[in-house]
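Have the sequence and the 3D view ready.

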Amino acid sequence: MAASWRLGCDPSLLRYLLGFGGRRSLGLARATGGCSVGGGPSLRWLHRTQWLPVDPIKILMPSLSPTMEVGNIVKWLKKEGETVSAGDALCEIETDKAVVTLDASDDGILAKIVVEEGAKNVRLGSLIGLMVEEGKDWKHVEIPQDAGLPPPVSEPSVPHLSPEPQISVPVKKEHSLGTSRFRLSPAARNILEKHAVDASQGTATGPRGIFTKEDALNLVKLKQVGKITESRPAPAPPSTPTPSLATQVPAGPSYPRPMIPPVSTPGQPNAVGAFTEVPASSIRRVIAKRLTESKSTIPHAYATADCDLGAVLKVRQDLVRDDIKVSVNDFIIKAAAVTLKQMPGVNVSWDGEGPKQMSSIDISVAVATDKGLITPIIKDAAAKGIQEIADSVKALSKKARDGKLLPEEYQGGSFSISNLGMFGIDEFTAVINPPQACILAVGRFRPVLKLAEDEEGNPRLQQHQLITVTMSSDSRMVDDELATRFLESFKANLENPIRLA
């Protein structure tokens, strides 16, 4: 063949030669007379040309937590056409627990963003983007037909109602006491109908404009002294037979009450009794689902104990002098971990068929965020010191409030602790976080005066700092006797910090 090619053919044939035609193969085609190669004779037949399509790499919505069913695309960190290396962050996905970064598993180019950022409730396995290998034409990538997109939610079909035979019925006449628009209590309605008094002649003083029993009695007194006249039923207009049952409107009660509160309208003042729907986040939906599942399927048992924090507060003051900042909650976490090490029968979880002994003591600590409650995990808490636990709690709490927890930082756990003492709560009971067996609810520490004996044996009042802890346990794994012994050991460990070393 000649070293150089000179093409002078029409544009359509040129597109086929370069591989951009509408068909994947051209087959045998007859060249036009204006196309020459190297000035030689006209090319009359073209060899078979095959257009190889670009095989894209699918980016699917992954499962980033055991309870995740849908995800939200928060932000795309790469743009279409950008080069991507394995391990690069592609986008941020909001799961039912936190905002997690999705990393690329292959090298290539981000060819197409299928699901734009801000999309919500994207099902697992749905196609969210496409990549191609380096050097491939990313601009002409097409979405595969087997993309795995979620099927659209079909509207419920409305059954076709066959016309019913028309039946003529007589119109029922009702005796109505005026045309009052008041909302009446049942007692007020009975009094007004008994004494033939119209509620529009009085004033409603009840909450949300309800006409109460007292308002009705006041109207009856005014009628008895002659200050109001007896209400007369309005003459009914001449009625005609109703031709069809479907067009007849049944007569309501004398004083109708609204069955459903009026719905608020955006941009307009709310009507009396109106409400505004607040969309639930993915985290709150999962919390509601799991709490309902826990309370309805797990037999909860509760045990409560008071613990004296006098020794813990003294040790904490000594640590502060050495510029070591720890909280009372850090001591509680350490005491729970040490107790679980002493009593491994409580460090269990339910796998669906029976209890499962956990090899590591991982404490889940409840942290309140704007989006809901989340429980980051202090891994192997029994082997950590108080200061190390304090540093871990601070770091994980900050990541939880910023929505930056990784899945391995909140998935799992063998025992949970929920502390509401900083909110002034004396005591409360918590709901078990399945599949764990127990959760410890901690209240605030408070001063309590107790009668004690001094060194000489004389009685005297002494102030103690007490906290109340309540343990919720799954009776299928931790019975009442085991829960009681656990709380006794926990109390002894917390009141004697030297045992926590």
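Predicted model: local features only at pLDDT ≥ 70, side-chain atom pairs only at ≥ 80, totals over all residues.

Q: Why is strand S8 called largely enclosed?
A: Buried means under 20% relative accessible area. In S8 (residues 127–132), 6 of the 6 residues are buried, so the rest of the structure largely encloses the strand.

Q: What makes strand S6 largely enclosed?
A: The cut-off for buried is again under 20% relative accessible area. Of the 6 residues of S6 (residues 108–113), 5 are buried, so S6 is largely enclosed by the rest of the structure.

Q: How do you know that S6 and S8 pair?
A: Pairing takes at least two bridges. S6 and S8 have 4 bridges, in the antiparallel sense. Look at Leu110, which stands opposite Met131 in S8. Then find Lys112, whose bridge partner in S8 is Leu130.

Q: What makes strand S3 and S6 a pair?
A: At least two bridges are needed. S3 (residues 83–84) and S6 have 2 bridges, so they meet the cut-off. Their sense is antiparallel. Thr83 has Ile109 in S6 as its bridge partner.

Q: Which sense of pairing links strand S1 and S8?
A: S1 (residues 57–60) pairs with S8 in the antiparallel sense, over 4 bridges. Leu60 has its bridge partner, Leu127, in S8.

Q: Why are helices H2 and H3 called roughly parallel?
A: The axes of H2 (residues 186–195) and H3 (residues 213–224) cross at roughly 20° and come within 7 Å. Angles under 35 degrees count as roughly parallel, so H2 is roughly parallel to H3.

Q: Which residues make the contact between H2 and H3?
A: From H2 come Ala187, Ala188, Ile191, Leu192 and His195. From H3 come Lys213, Ala216, Leu217, Leu219, Val220 and Lys223.

Q: What is the handedness of the crossing of H2 and H3?
A: The crossing is left-handed.

Q: What makes helix H6 mostly covered?
A: Being buried takes a relative accessible area under 20%. In H6, 13 of its 15 residues are buried, and the helix is mostly covered.

Q: How do you know that the reach of H6 is close to the expected one?
A: H6 (residues 328–342) reaches 21 Å from its first C-alpha to its last. At 1.5 Å a residue, 21 Å is expected. The reach is close to that value.

How values were computed
Residues numbered from 1 in each chain as written. Heavy atoms only, no water. Expected span 1.5 Å × (residues − 1). Buried < 20%, exposed > 50% of the residue type's maximum accessible area, 1.4 Å probe, protein only. Axes fitted to C-alpha atoms, helices over the stretch in contact; angles between N-to-C directions. Parallel < 35°, antiparallel > 145°, perpendicular 65-115°, else oblique. Left-handed = near helix turned anticlockwise from the far one by under 90°. Contact = heavy atoms within 4.5 Å.
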